[in-house]
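I opened the notebook to look up strand pairing, core packing and aromatic pairs. Entries follow in the order I checked them.

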Amino acid sequence: QLIDSTLYVAVQVLDDELFTPSTTGHLEQDAVAVLLDPTPLKYSAQNIAEREMVFKSWFPALVTPYDLQVDKLAYSSILGDSFKVQCVRTASGYTAEFALPLLKLQEQAGASDGTFRINLFLNDFDQGGDHQTNISWQPSWDGPENLFGSGTFRIK
């Protein structure tokens, strides 16, 4: 939902075995991420998650349900204060709510055509971290199943 130039995304994760050791980073434990590309469609549709373009033309907002990090966004020193997150453990897993400064990012990316591309990504570890599953809403941008332009929305 877009409210006052900010895109809000809520995710409810059902997980019967949370793996959130305090000694690992966000990518080595249960976590959920929203990937946002605010660049015009002619660029965002072809985004293949090239690492050198992260934080320049697309932005990963990532959080883990680890007790001491639930309100700490990974890469917050790079993303800045305008990205907000709230993550809460529940009896059946956790929920996360993201506030992403969409219009600010579109301005930063240059001329906007009123579109943005988004994907959701879930990292799930089980069996003490020995088994990992990655789930994405749309095919991963950096994989062979990537569908160019998938997850693209237009702001009215």
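Entry 1: I began with Gln 12, whose bridge partner in strand 6 is Thr 95. Residue numbers start from 1 along each chain as its sequence is written. The model is predicted, so local features need pLDDT of at least 70 and side-chain atom pairs count only at pLDDT 80 or more, while totals for chains, interfaces and linings use all residues; side-chain values use heavy atoms, with hydrogens and water left out. I take helices (H or I, at least four residues) and strands (E, at least two) as DSSP runs, numbered from the N terminus. Two strands pair if DSSP finds at least two bridges between them. Strand 2 and strand 6 are joined by eight bridges and pair in the antiparallel sense. Within this pairing I also found Val 9 opposite Phe 98 in strand 6.

Entry 2: Which order do the strands take in the open sheet? I read 1-2-6-5, four strands with antiparallel pairing. Strand 1 (2-3) and strand 5 are the edge strands, each pairing on one side only. Strand 5 and strand 6 run antiparallel, joined by seven bridges. A hairpin through two residues links strand 5 to strand 6. Thr 90 has Gly 93 in strand 6 as its bridge partner.

**Entry 3: strand 1 and Leu 2.** Strand 1 pairs with strand 2 over two bridges, again in the antiparallel sense. The two form a hairpin with two residues between them, and Asp 4 in the turn has a positive phi of about 50°. Leu 2 sits in strand 1, and its bridge partner in strand 2 is Leu 7. The cut-offs are under 20% relative accessible area for buried, over 50% for exposed and partly exposed in between (1.4 Å probe, protein chains only). Contact means heavy atoms within 4.5 Å. Leaving aside neighbours within four places in sequence, Leu 2 is in contact with Leu 7, Leu 102 and Ile 155. Leu 2 and Leu 100 are 98 residues apart along the chain, yet their C-alpha atoms are separated by 9.3 Å.

**Entry 4: the core.** A nonpolar core is a set of buried Ala, Val, Leu, Ile, Met, Phe, Trp, Tyr and Cys residues joined through side-chain atoms within 4.5 Å. The largest one here has 30 residues, and Leu 7, Val 9, Val 32, Phe 83, Phe 98 and Leu 100 touch the most other members. Elements that each supply at least two residues of this core include strand 2 (6-14), strand 6 (93-100) and helix 3 (102-109). Beyond four places in sequence, the contacts of Leu 7 include Leu 36, Phe 98, Leu 100 and Phe 116.

**Entry 5: aromatic pairs.** Rings of Phe, Tyr and Trp (its six-membered ring) pair if their centres lie within 6.5 Å; planes under 30 degrees apart count as stacked, over 60 as edge-to-face and the rest as tilted. How many aromatic pairs does a search of the whole structure find? I got six. Phe 19 and Phe 125 are tilted, 5.7 Å centre to centre with 40° between the planes. Phe 19 lies in the loop between strand 2 and strand 3 and Phe 125 in strand 7, so the pair ties together parts 106 residues apart in sequence. Phe 19 and Phe 125 are both buried. Phe 116 and Phe 153 are stacked because their ring centres are 5.7 Å apart and their planes at 20°. Phe 116, Trp 137 and Phe 153 form one aromatic cluster.
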